[in-house]
Amino acid sequence: MKVRIEIDENMSEDEIVIRCAQPDERVLKMKRAAESAEGDPEIAFFKDAVQFYPPLDSILFF
């Protein structure tokens, strides 16, 4: 795997591009990590094969 950072001072917003031959679990983990890096912390809850990410301030007990 190659990792490259390109600096463009003319960009108004940061952008992350992931190029891959097949979106395997490793690629999907990187995508999720990039998406959640700037946002609020998350806890994943599962029901069958569905993942839920409720806002942490809405969780009273689990």
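Which residues form a nonpolar patch on the surface? Met-1, Val-3, Ile-16, Ile-18 and Met-30 do, as Figure 1 shows. A word on the model before the views: it is predicted, with local features needing pLDDT of at least 70 and side-chain atom pairs counting only at pLDDT 80 or more, while totals for chains, interfaces and linings use all residues. Residues are numbered from 1 along each chain as its sequence is written, and side-chain values use heavy atoms, with hydrogens and water left out.

**Figure 1. A nonpolar patch on the surface.** Together, Met-1, Val-3, Ile-16, Ile-18 and Met-30 have about 530 Å² of accessible area (Shrake-Rupley method, 1.4 Å probe, with only the protein chains shown counting as cover for residues). Patches take residues with over 30% relative accessible area and no salt bridge, joining nonpolar side chains (Val, Leu, Ile, Met, Phe, Trp, Tyr) within 5 Å and like charges within 9 Å. Val-3 sits in the segment before α1 (25-36); helices (H or I, at least four residues) and strands (E, at least two) are DSSP runs, numbered from the N terminus. Val-3 counts as exposed because its relative accessibility is 72% (buried is under 20% relative accessible area, exposed over 50%, partly exposed in between, with a 1.4 Å probe and protein chains only).

**Figure 2. The largest pocket.** This pocket holds about 960 Å³ of space. Its lining has 22 residues, with Arg-4, Ile-5, Ile-16, Val-17 and Ile-18 nearest the centre. By type, the lining divides into 12 nonpolar, 1 polar and 9 charged residues (Ala, Val, Leu, Ile, Met, Phe, Trp, Tyr, Cys and Pro count as nonpolar, Asp, Glu, Lys and Arg as charged, and the others, Gly among them, as polar). On a 1 Å grid over the protein atoms alone, a pocket is an open set of points where a 1.4 Å probe fits, with protein on both sides within 12 Å along at least five of seven lines, and lining residues have an atom within 4 Å of a point. Grid points are joined across faces, edges and corners, and the volume is the space filled by probe spheres set on the points.

**Figure 3. Arg-4 and Glu-6.** The structure holds 3 salt bridges (a side-chain nitrogen of Lys or Arg within 4 Å of a carboxyl oxygen of Asp or Glu). Here Arg-4 pairs with Glu-6, and their closest N and O atoms are 3.1 Å apart. Arg-4 is exposed, at 62% relative accessibility, and Glu-6 is exposed too, at 61%.

Figure 4. Arg-32 meets Glu-25 at 2.8 Å, N to O. Arg-32 is partly exposed, with 32% relative accessible area, and Glu-25 is partly exposed at 44%. Lys-31 meets Glu-35 at 2.7 Å, N to O. About one helical turn separates Lys-31 and Glu-35, because they are 4 residues apart in helix α1. Lys-31 is partly exposed at 39%, whereas Glu-35 is exposed at 52%.

**Figure 5. Val-17 and Lys-31.** Val-17 lies in the segment before α1 and is exposed, at 51% relative accessibility. Val-17 and Lys-31 are 14 residues apart in sequence, and 9.3 Å lies between their C-alpha atoms.

**Figure 6. The loop residue Asp-48.** Asp-48 belongs to the loop between β1 (45-47) and β2 (50-52). Its phi is near 60°, a positive value in a residue other than glycine. Most residues other than glycine have a negative phi. Asp-48 counts as exposed, with 77% relative accessibility.
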